[in-house]
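I opened this notebook to record what I looked up in one structure. The entries follow the order in which I consulted it.

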Amino acid sequence: MLLRDLACFLKDKKPKCLQCGKRLDLSELKWYPHKRGVVISDVSVKPQWFYFECSKCSYQNSLVKLVKVYCRR
């Protein structure tokens with residue numbers, strides 16, 4: 001899985017915060033090491049927790065959760 005592929009997919013979906021509904025700024029992807037995270041080969045070989053932090057409510061919207069939600073739409 002490549003980060004650019006996920007970014008292109010989500011950009012077309014115009015995702016919103018899963019907590020408050022504000023549109024997310026996809027240029028602000030953040031991550032940190034996490035044993036239950038995912039490996040995205042162009043970022044790290046170790047599992048990372050990828051998320052977009054909402055500018056309104058500060059909720060950490062998991063990249064994996066956003067992809068799951070928007071794949072269903």
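The entries below go from the whole chain to single residues.

**Entry 1. The whole chain**

I note at the outset that this is a predicted model. Read from the N terminus, the elements follow the order α-β-β-β-α.

I then looked up the dimensions. The C-alpha trace spans about 30 × 25 × 20 Å along its principal axes. I asked what radius of gyration the protein chain has beside that of a compact globule.

**Entry 2. Surface, burial and charge**

I looked up how much of the chain is covered. Of its 73 residues, 27% count as buried. The accessible surface comes to about 5,200 Å², and carbon and sulfur atoms hold 51% of that surface.

I turned next to the charged side chains. The chain carries 16 positive and 6 negative ones. The centres of these two sets lie 8 Å apart.

I also looked up the contacts along the sequence. Among contacts with a separation of 6 or more, 48% join residues 24 or more positions apart.

**Entry 3. The nonpolar core**

Which residues touch the most other members of the largest nonpolar core? I found that they are Leu-10, Leu-24, Ile-40, Phe-52, Leu-63 and Leu-66, in a core of 14 residues. Helix 1 (3-13), strand 2 (48-53) and helix 2 (63-71) supply at least two core residues each. Helix 2 gives the most, with four residues. As a general remark, nonpolar side chains tend to be buried together in soluble globular proteins.

I followed Leu-63 further. Leaving aside residues up to four places away in sequence, Leu-63 touches Leu-3, Leu-6, Leu-10, Ile-40, Phe-50, Tyr-51 and Phe-52.

**Entry 4. Phe-52**

I looked up Phe-52 and found it in strand 2. Is Phe-52 buried or exposed? Its relative accessibility is 5%, so Phe-52 counts as buried. With residues up to four places away in sequence left out, the contacts of Phe-52 include Leu-10, Leu-24, Leu-63 and Leu-66. Among its other contacts I noted Asp-25, Glu-28, Tyr-59, Gln-60 and Asn-61.

**Entry 5. Ser-62**

I went on to Ser-62, which is found in strand 3 (residues 60-62). Ser-62 has a relative accessible area of 6% and is therefore buried. Which residues does Ser-62 touch, not counting those up to four places away in sequence? I recorded Trp-49, Phe-50 and Tyr-51.

Asp-12 lies in helix 1. The relative accessible area of Asp-12 is 65%, so this residue is exposed. I checked two C-alpha distances from Asp-12. Leu-66 is 54 residues away in sequence and 13 Å away in space. Phe-52 is 40 residues away along the chain, with a C-alpha separation of 16 Å.

Asp-25 lies in the loop between helix 1 and strand 1 (29-38). I found a relative accessibility of 43% for Asp-25, which means that it counts as partly exposed. Asp-25 and Pro-15 are ten residues apart along the chain, and their C-alpha atoms are separated by 8.8 Å. Asp-25 is also one of the residues that Phe-52 touches.

**Entry 6. Positive phi values**

I looked up the backbone of two residues in loops. Lys-14 is not a glycine, yet its phi is positive, at about 50°. Its place is in the loop between helix 1 and strand 1. With a relative accessible area of 48%, Lys-14 is partly exposed.

Where does Ser-58 lie? I found Ser-58 in the loop between strand 2 and strand 3. Its phi is near 70°, a positive value in a residue other than glycine. Ser-58 is partly exposed, with a relative accessible area of 45%.

Note on methods:
Residues are numbered from 1 along each chain as its sequence is written. This is a predicted model: local features need pLDDT of at least 70, side-chain atom pairs count only at pLDDT 80 or more; totals for chains, interfaces and linings use all residues. Side-chain values use heavy atoms; hydrogens and water are left out. The radius of gyration is taken over C-alpha atoms; the globule rule is 2.2 Å times the number of residues to the power 0.38. Buried means under 20% relative accessible area, exposed over 50%, partly exposed in between (1.4 Å probe, protein chains only). Contact means heavy atoms within 4.5 Å. Accessible areas come from the Shrake-Rupley method with a 1.4 Å probe; for residues, only the protein chains shown count as cover. Lys and Arg count as positive and Asp and Glu as negative; His and the chain ends are not counted. The place of a charge is taken as NZ of Lys, CZ of Arg, CG of Asp or CD of Glu. A nonpolar core is a set of buried Ala, Val, Leu, Ile, Met, Phe, Trp, Tyr and Cys residues joined through side-chain atoms within 4.5 Å.
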